[in-house]
Amino acid sequence: MTQCRTVLLTSGLLLALCAGAAQAQPTGKPMMTLQMPALPDPVRVTLKPATTALLVLDFVDPICTSQPKCKGAMLPALTPFLARARQAGVIVAYGTREQNMSKWLPEVAPAAGDIKIVNTAQDRFYNTDLDQALKARGVTTIIIVGWKVSGSVTYTSVGATVRGYTVVVPVDTTAAATDYETTIGFYQILNQGNSNLANEPLKPNSPTLSRTDLITFQ
């Protein structure tokens, strides 16, 4: 999580390039080169199962199966983690659009009693009863996993923290199609309203970047 990123600002657009990759310069405007802050390393956290929910987003066909990072890396990371969370008694919730609700990948499909949210926006709290369902079960901490980090995971993490939840995002269970999107997504998560740019473990009402092998339940 300490890779350097080169960021270019031109014509009001923010462009990020990875390790010297070239981009055509728009004509008529000078280009400004900036160094993006390095992301902090994921940290170890210990969570209480009775007050923790695991929110699974868009591990469905064809969204996940069409993305090599989702099917090839995220899914293998989530599958044993989900089993471990269930065994510990963590509440599990799922969110996707209505047309995908029957298309969850079998390795991580909902079980009886899980919360299921049909969403119309990337923020799974927007215009759904997710907040009510979680608070009715005493949830105060949410682990968010799914496709993609620069979309649904970012916006749902914001929706969670503004409602008073503490958020954990395992970095091996989310990504985006490009390194640029992935890096920007993690930066946005840490830099939201109640920011946690130092990645302090479990800062209240803020996001924390962790990893599945660094998360324990107690």
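So, a pocket here means an open set of points on a 1 Å grid over the protein atoms alone, with protein on both sides within 12 Å along at least five of seven lines, and its lining residues are those with an atom within 4 Å of a point. One caveat before I go on: this is a predicted model, where local features need pLDDT of at least 70, side-chain atom pairs count only at pLDDT 80 or more, and totals for chains, interfaces and linings use all residues. Residues are numbered from 1 along each chain as its sequence is written, and side-chain values use heavy atoms, with hydrogens and water left out.

Okay, the second largest pocket. Its lining is Asp58, Ile63, Arg97, Gln99, Asn100, Asn119, Ala121, Gln122, Arg124, Trp147, Lys148 and Ser152. By class that gives 3 nonpolar, 5 polar and 4 charged residues, where Ala, Val, Leu, Ile, Met, Phe, Trp, Tyr, Cys and Pro are nonpolar, Asp, Glu, Lys and Arg are charged, and the others, Gly among them, are polar. The space in there is about 160 Å³, the volume being what probe spheres set on the points fill, with grid points joined across faces, edges and corners.

Next, the disulfide; there's 1 in the structure, using a cutoff of cysteine sulfur atoms within 2.5 Å. The partners are Cys64 and Cys70, with their sulfurs 2.1 Å apart. The torsion about the S-S bond is -105°, so a left-handed link. Both Cys64 and Cys70 are buried, meaning under 20% relative accessible area, with exposed being over 50% and partly exposed in between (1.4 Å probe, protein chains only).

Now salt bridges: we get 6, each a side-chain nitrogen of Lys or Arg within 4 Å of a carboxyl oxygen of Asp or Glu. Take Arg86 and Asp114, at 2.7 Å from N to O. That pair ties distant parts of the chain together, 28 residues apart: Arg86 is in helix H1 (residues 68-88), while Asp114 sits in the loop between strand E6 (91-96) and strand E7 (115-118). Those labels are DSSP runs numbered from the N terminus, helices being H or I with at least four residues and strands E with at least two. Arg86 is partly exposed at 29%, but Asp114 is buried at 14%.

Then there's Lys135 with Asp131, closest N and O atoms 3.3 Å apart. They're both in helix H2 (residues 130-136), and because they're 4 residues apart, about one helical turn separates them. Lys135 is partly exposed at 44%; Asp131 is buried at 16%.

Last one: Asp213 and Arg211, at 2.6 Å between the closest N and O atoms. Here Asp213 is partly exposed at 47%, and Arg211 is partly exposed at 29%.

Conventions:
1 Å grid on protein atoms, 1.4 Å probe; cavity = no way out; pocket = protein on both sides within 12 Å on 5 of 7 lines; lining within 4 Å.
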